[in-house]
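I opened this model to look up a few residues and the place where its chains meet. My entries follow in the order I made them.

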Protein chains: 2
Amino acid sequence: MDLVYLAPVAALIALVFAGFSFISVKKEGTGTEKMQKIAAAIHLGAMVYLNRQYRAIAVFVVVLAIVLAVGISPLTAACFVLGAILSATAGYIGMYTATAANVRTTNAARRGIAEAFRVSFSSGSVMGMAVVGLGLFGLSLAYLALSAMGIPQETVLSTVTGFGLGASSIALFARVGGGIFTKAADVGADLVGKVEAGIPEDDPRNPAVIADNVGDNVGDVAGMGADLYESYVGSIIAAMVLGITAVKTEMYAGLDPMQLILLPMMIAALGIFSAIIGSFFVRTNKTESSAIHMAFNKGLIVAIVLVVLATYFLVTTLIGAEYVGIFYAAVAGLIAGFAIGLITEYYTSYDRAPTLSIAKAAQTGPATTIISGFAKGMESTIFPVFFVAIAIVISYQFAGLYGIAIAAVGMLSTLGISLAVDAYGPVADNAGGIAEMSHQDPKVRTITDTLDAVGNTTAAIGKGFAIGSAALTALALFSAYTLAVGLQVIDVTNPMVFVGMLIGAMLPFLFCALTMTAVGKAAYEIVIEVRRQFKEIPGLMEEKADPDYASCIAISTSSALREMIAPGILAVAAPLLVGFFLGPSALGGLLAGSLVSGFVLAITMANAGGAWDNAKKFIEQGNYGGKGSDAHKAAVVGDTVGDPFKDTSGPAINILLKLMSMVALVFAPLLILV
Amino acid sequence: MDLVYLAPVAALIALVFAGFSFISVKKEGTGTEKMQKIAAAIHLGAMVYLNRQYRAIAVFVVVLAIVLAVGISPLTAACFVLGAILSATAGYIGMYTATAANVRTTNAARRGIAEAFRVSFSSGSVMGMAVVGLGLFGLSLAYLALSAMGIPQETVLSTVTGFGLGASSIALFARVGGGIFTKAADVGADLVGKVEAGIPEDDPRNPAVIADNVGDNVGDVAGMGADLYESYVGSIIAAMVLGITAVKTEMYAGLDPMQLILLPMMIAALGIFSAIIGSFFVRTNKTESSAIHMAFNKGLIVAIVLVVLATYFLVTTLIGAEYVGIFYAAVAGLIAGFAIGLITEYYTSYDRAPTLSIAKAAQTGPATTIISGFAKGMESTIFPVFFVAIAIVISYQFAGLYGIAIAAVGMLSTLGISLAVDAYGPVADNAGGIAEMSHQDPKVRTITDTLDAVGNTTAAIGKGFAIGSAALTALALFSAYTLAVGLQVIDVTNPMVFVGMLIGAMLPFLFCALTMTAVGKAAYEIVIEVRRQFKEIPGLMEEKADPDYASCIAISTSSALREMIAPGILAVAAPLLVGFFLGPSALGGLLAGSLVSGFVLAITMANAGGAWDNAKKFIEQGNYGGKGSDAHKAAVVGDTVGDPFKDTSGPAINILLKLMSMVALVFAPLLILV
């Protein structure tokens with residue numbers, strides 16, 4: 001069957017599209033000398049961070065590769081290294097592009113919003129297509145190469161899980177380290193700059209301002225990309241593993257397992273084509289933010305419709321019309337992802353009831369701001385839970401356990417464009433910062449502000465989507481794990497399983513505690529340094545002298561790399577310790593417990609953070625006294641608390657859930673022996 | 001076997017002891033006219049609230065009694081009503097005593113600390129002994145009466161669960177309504193009084209100050225009492241239900257089921273005797289707070305040692321030396337409860353590292369105060385999870401599922417004294433308020449402050465104990481439920497069970513959101529009213545005119561009663577909806593999911609709140625600039641956020657977990673038919 005090459009071919013086309021997008025970004029002008037100087041500082045800071053991060057991760061990857069080569073198999077270790085390298089490459093490409101595109105977006109904004117929008121979205125497309133292209137290319141290649149070696153399919157699939165573990169390992173450090181970096185710089189910059197010195201955000205006199213801009217790229221581009229790369233790869237692998245056992249169930253009896261194994265990669269391939277076509281619909285000449293939203297929605301909907309139609313055709317012809325249930329599963333996943341995005345937008349948009357109620361609470365001070373924002377974040381978990389629950393029930397009803405994995409694959413099939421929309425945000429954010437720092441015409445700043453405002457919304461939606469896809473992916477991996485260790489049931493009434501669940505439910509809380517404490521510590525170091533510079537550099541406040549941006553970047557870098565170690569070890573060690581000491585059933589309980597508690601906690605933190613952010617924006621537009629009022633001060637407190645909630649700890653939970661399931665799945669062959 | 005009467009006799013002795021303690025409180029003098037006037041206002045407010053609350057609950061009880069009488073059996077309905085009435089009675093007695101003891105403690109403080117301590121602890125003893133006395137008396141009476149009717153034991157036990165549901169129903173409203181009342185008044189009083197008007201806490205010019213003092217009684221006496229009454233009764237019932245099926249397992253094969261059914265009530269009876277004896281050791285003449293702590297610890301340890309010895313004797317003689325495992329289970333529970341208390345003290349004491357790190361973070365403002373407090377709260381979940389996990393593993397290993405329930409019974413066996421220690425706190429707190437408002441000699445206030453400081457610590461420990469016992473009780477009830485609906489396994493790999501777990505994990509978050517929003521709304525109403533009085537009552541600030549205390553009490557009362565309806569309906573409806581629509585297995589998943597996520601969330605909220613409270617106290621002692629400094633202002637924000645965390649939402653989760661399990665257990669006969 002030649003269709004087997006559909007996946008690598010589609011992946012290559014994605015990479016070619018990424019290349020063209022990159023060229024279209026690069027040929028833009030870079031503006032004034034001042035702009036170029038600032039952009040170069042951001043670019044350099046981001047690249048230095050990434051290089052240092054990758055060097056640290058390399059140690060981890062080598063150690064784990066040796067463990068895998070000895071404990072599982074050398075081929076698994078090879079797949080692991082490949083998965084890690086390709087994820088790192090995607091992150092590198094995305095970051096390189098984003099830090100090249102920011103200043104070009106500012107420059108294009110001098111000509112008009114349509115140009116600026118095109119540049120920033122093209123940059124996002126490079127990230128989106130690099131992630132799906134490298135992910136699918138590497139995975140399909142690894143699968144085809146292993147199959148060509150004549151190894152039995154069972155072994156091929158258990159070996160290919162190593163690729164997923166590689167993706168998870170990079171995601172862990174990129175998300176955790178990036179999340180700590182970005183919020184340490186952001187909180188540190190705000191605490192001294194906005195609160196103490198009373199200078200505006202993105203003010204070039206603030207020594208931490210470049211670190212803050214670097215952080216946007218490190219966290220929201222590289223971190224988010226690695227997170228979704230992991231989900232993308234993980235969901236496909238889980239579906240393949242579940243596919244081979246599905247033929248042993250009544251629902252799929254008599255089918256050739258190859259059909260079910262190849263299907264997920266093919267859906268992903270169709271998703272790439274759909275996303276590319278959809279990208280061409282993301283165009284606007286209008287200046288309102290609603291028009292930009294519309295452009296995004298047009299592109300996303302075109303991609304979704306195309307992939308739905310193509311998947312229907314694929315399932316009914318490749319597998320057979322009587323297996324249309326698989327198609328329903330994919331659609332259930334797609335719709336759940338879209339619906340979670342919509343409800344996230346509702347809870348975090350500054351013109352909707354939840355955020356407005358927080359802004360209102362800001363009038364009675366910071367305490368009520370925190371209480372109401374936290375309550376709204378908790379409340380916002382209802383609908384995502386129901387959407388995921390419905391997707392699970394539908395996909396399971398129509399397509400069994402395999403269907404749940406296919407729902408995750410479906411949800412992520414159009415990732416090429418949805419990640420592009422997401423990665424556009426930090427570029428627009430940076431462009432605004434560069435416009436501010438290089439003292440551009442207010443008209444330019446208005447354009448970048450419009451793009452940035454849209455970016456805040458797409459970022460919130462993207463976070464919801466990332467959490468939802470992480471949950472479904474983790475559930476699929478969990479199912480794959482139970483099959484891999486041969487557990488027929490994981491019985492909650494068995495106290496050992498319950499103990500596993502209890503420990504599992506605690507882990508996301510502990511993970512949050514570690515990452516929030518890390519941000520607090522790192523931000524404190526930044527605060528000390530910024531205060532020192534304000535005091536010791538003469539003429540800084542009068543703009544007669546430049547601050548030392550590099551020292552703040554160095555502090556953020558060092559502390560992020562130092563502080564990511566403990567959570568990293570926790571995420572890898574916890575499932576192994578429970579698995580080997582309490583047994584595979586207890587580990588199953590741990591995975592399930594962490595999944596359900598982590599999912600709701602991640603949504604709580606992401607949405608509370610997003611809502612605080614926009615409640616502050618609402619007040620800054622002149623409501624309840626506007627900027628400088630007591631309500632505004634209270635809202636700034638909320639926003640600052642929300643920063644690590646939404647950008648560090650919340651997203652880090654996604655990684656924890658997927659990584660622990662992946663570790664369990666990869667080490668299943670050893671766990672059976674326990 | 002005449003031993004059957006041990007339980008009701010012990011219960012009656014507890015009630016007699018409560019009566020003597022009450023008399024010893026009442027014969028104290030009530031001090032000056034000013035003191036009497038303030039105390040009368042608090043007493044009246046508390047009693048009015050309780051009456052109105054009970055009237056509202058009566059409607060709920062009648063409706064649910066009719067549903068039970070029709071759907072399950074009239075006898076179950078009768079047990080339900082009895083359980084509810086006795087819980088309400090215990091709450092009434094405790095509140096009545098506490099609001100009589102507060103002014104008497106202040107008065108006794110004029111003579112010295114030993115006297116004041118004796119009065120306040122006697123008041124706590126009334127509550128403690130009323131709870132265990134009425135709980136065990138009612139339960140054993142219901143059991144004996146039903147058994148005397150010649151009904152088969154299986155039916156007797158499933159009928160007696162109604163008694164537990166009655167306890168749960170009162171606990172729900174007492175905890176939720178009481179929690180909303182107390183924090184609405186507290187937050188409202190602080191926001192306008194301390195923050196806006198700049199007058200101290202407990203200042204008689206603040207119109208919400210009496211409502212705040214009423215709230216301490218409503219929340220911390222009646223609410224806490226009902227919560228632990230529910231755990232006490234629930235754990236005994238769960239153990240009895242598990243006892244009858246335990247004899248069908250290999251571990252207890254050949255035993256007379258009556259032995260295992262009666263054992264939990266007998267352990268409770270021995271606990272009552274131990275608690276009474278222990279109470280006599282709670283005496284001190286020293287003035288340091290460490291001496292008071294020591295006095296409490298002496299009493300608690302005497303009680304624990306006695307009950308351990310007695311239980312060993314009971315198990316080995318009544319059941320047999322080869323069943324000593326049951327004794328280990330009881331000890332595992334007792335130790336886990338004690339250990340959770342210790343770790344709670346560590347995380348919330350103002351002289352320990354976690355709280356000190358929050359105080360340090362207060363120097364950089366409210367945002368870092370919130371972030372670090374929240375992180376510490378999350379971190380503090382590790383050890384309680386491990387303690388409970390170890391208790392579960394040990395008790396299960398040595399005594400099966402029955403052992404888990406016995407661990408809960410063991411943990412709660414000395415409740416008569418541990419609740420007395422707990423209920424002493426709000427009396428001391430009130431006594432301090434009365435001293436302040438009636439302008440007593442500073443020496444008096446110093447004594448009440450010492451008592452109050454100890455009370456803060458015992459309150460934090462009590463909260464940890466309440467959460468831990470709630471978790472073990474809910475787990476025991478969950479096990480009883482699975483047996484009652486005849487589920488051999490609850491399989492997490494079954495997606496319907498997983499969906500139930502996911503919904504279950506979300507419910508504590510939703511419950512918190514509802515209760516926190518309720519506090520916010522109610523506090524806002526108080527703020528408006530206090531501001532109005534400050535503006536409209538001439539001479540109020542110069543103490544030439546009295547504020548209208550009653551209006552603030554009325555607002556707190558109305559809003560608490562209104563706002564407790566939604567969470568109440570959620571807690572009862574959620575398990576029934578999932579049980580009837582998704583099936584008994586999914587309901588099992590819901591219970592397990594809510595248990596694990598609710599347990600960690602409750603600890604997070606309770607400990608974060610306690611740590612913020614004491615971080616503020618630490619700064620008020622003159623550290624980091626002391627009272628009025630920026631660090632202090634930041635710490636006050638943390639304390640205000642922590643108020644609903646630790647006193648409303650966190651404790652309400654205990655109730656949610658137990659109530660949902662109890663509803664599932666009571667409605668099991670109908671759920672089997674689904």
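**Entry 1: B:G215.** Is B:G215 buried or exposed? I read 0% relative accessibility for B:G215. Buried means under 20%, so B:G215 counts as buried. The model is predicted, so I take this as a computed value.

I then placed B:G215 in helix α6 of chain B, which covers residues 209-246. Which residues does B:G215 touch, once those up to four places away in sequence are set aside? I found B:F181, B:T182 and B:D220. I also checked B:G215 against B:P426. The two are 211 residues apart in sequence. In space, their C-alpha atoms are 9.5 Å apart.

**Entry 2: B:T640.** Next I went to helix α19 of chain B, residues 630-666, where B:T640 sits. B:T640 has 4% relative accessibility. That is under the 20% limit, so I noted B:T640 as buried.

What does the side chain of B:T640 reach? I found the backbone oxygen of B:V636, at 2.7 Å. I then left aside neighbours within four places in sequence and listed the contacts of B:T640. They are A:A367 and A:I371 in chain A, and B:V187 in chain B.

**Entry 3: where chain A meets chain B.** Those contacts with chain A sent me to the interface.

For polar contact, the rule finds four residue pairs, with both residues at pLDDT 80 or more.

**Entry 4: a nonpolar patch.** Last, I turned to the surface. A:Y328, A:F383, A:F386, A:I390, A:I394 and A:F398 form a nonpolar patch there. Together they have about 530 Å² of accessible area. Which helix gives the most to the patch? I found helix α12 of chain A, residues 382-412, with five residues.

I picked A:F398, which is found in helix α12 of chain A. Its relative accessibility is 44%. That value lies between 20% and 50%, so A:F398 counts as partly exposed.

How values were computed. Residues numbered from 1 in each chain as written. Chains lettered and ligands numbered in written order. Predicted model: local features only at pLDDT ≥ 70, side-chain atom pairs only at ≥ 80, totals over all residues. Heavy atoms only, no water. Patch = residues over 30% accessible without salt bridge, like charges linked within 9 Å, V, L, I, M, F, W, Y side chains within 5 Å. Areas by Shrake-Rupley, 256 points an atom, 1.4 Å probe, with all protein chains shown as cover. Salt bridge = Lys/Arg side-chain N within 4 Å of Asp/Glu carboxyl O. Helix = DSSP H or I, 4+ residues; strand = E, 2+ residues; numbered from the N terminus. Buried < 20%, exposed > 50% of the residue type's maximum accessible area, 1.4 Å probe, protein only. Polar contact = N/O pair within 3.5 Å; in protein donor to acceptor, adjacent residues only side chain to side chain. Contact = heavy atoms within 4.5 Å.
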